[in-house]
Amino acid sequence: MKKVVLLTGASSGIGAATAQALAAAGYRVFGGARRPDAVTAPENVELLELDVCKPEQVRVP
């Protein structure tokens, strides 16, 4: 079974590089992006809409 990672800020820069490195290492990677439809996902990374500044998208248990 693959380990799973949820990474915020995965659409560009360090976040995208980290997501790609984790995917290459065998992790299943879900990456948060404010506008996932506007960017190309890193290879083997599933982008999800996530804006941590929007309260309706963030739930604290």
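Me: What makes β1 and β2 count as paired strands, and which way do they run?

Reply: This is a predicted model, and in it 4 bridges join β1 to β2 (residues 28-33). Pairing takes at least two bridges, so with 4 of them β1 and β2 qualify, and they run parallel. One partner to look up: V5 bridges to V29 in β2.

Me: And what is the β-α-β unit made of, and what is its handedness?

Reply: It's built from β1, helix α1 (residues 13-24) and β2, and the unit is right-handed.

Me: How do you know that α1 has the span a helix should have?

Reply: Its 12 residues, at 1.5 Å a residue, should span 16 Å, and the end C-alpha atoms sit 17 Å apart, so the two agree.

Me: Which residues of α1 are buried, and why say they're on the same side?

Reply: G15, A16, A19 and A23 are the buried ones. They cover an arc of only 95 degrees around the axis, so they lie on the same side of α1. On the other side, G13, I14 and A24 are exposed. As for what covers the buried residues, that includes β1, β2 and β3.

Me: What makes V5, L7, A19 and V29 part of a nonpolar core?

Reply: A core is a set of buried nonpolar residues joined through side-chain atoms within 4.5 Å. The largest one here has 9 residues, those four among them. β1, α1, β2 and β3 (45-49) each supply at least two residues of this core. Look at V29: its contacts include V5, A19, A23 and V45.

Notes
Residues are numbered from 1 along each chain as its sequence is written. This is a predicted model: local features need pLDDT of at least 70, side-chain atom pairs count only at pLDDT 80 or more; totals for chains, interfaces and linings use all residues. Side-chain values use heavy atoms; hydrogens and water are left out. A crossover is right-handed if, with the strands pointing away from the viewer, the path from the first strand over the helix to the second runs clockwise. Buried means under 20% relative accessible area, exposed over 50%, partly exposed in between (1.4 Å probe, protein chains only). Contact means heavy atoms within 4.5 Å. The expected span of a helix is 1.5 Å times one less than its number of residues. The arc is that of the directions from the helix axis to the C-beta atoms. Lists of a residue's contacts leave out its neighbours within four places in sequence.
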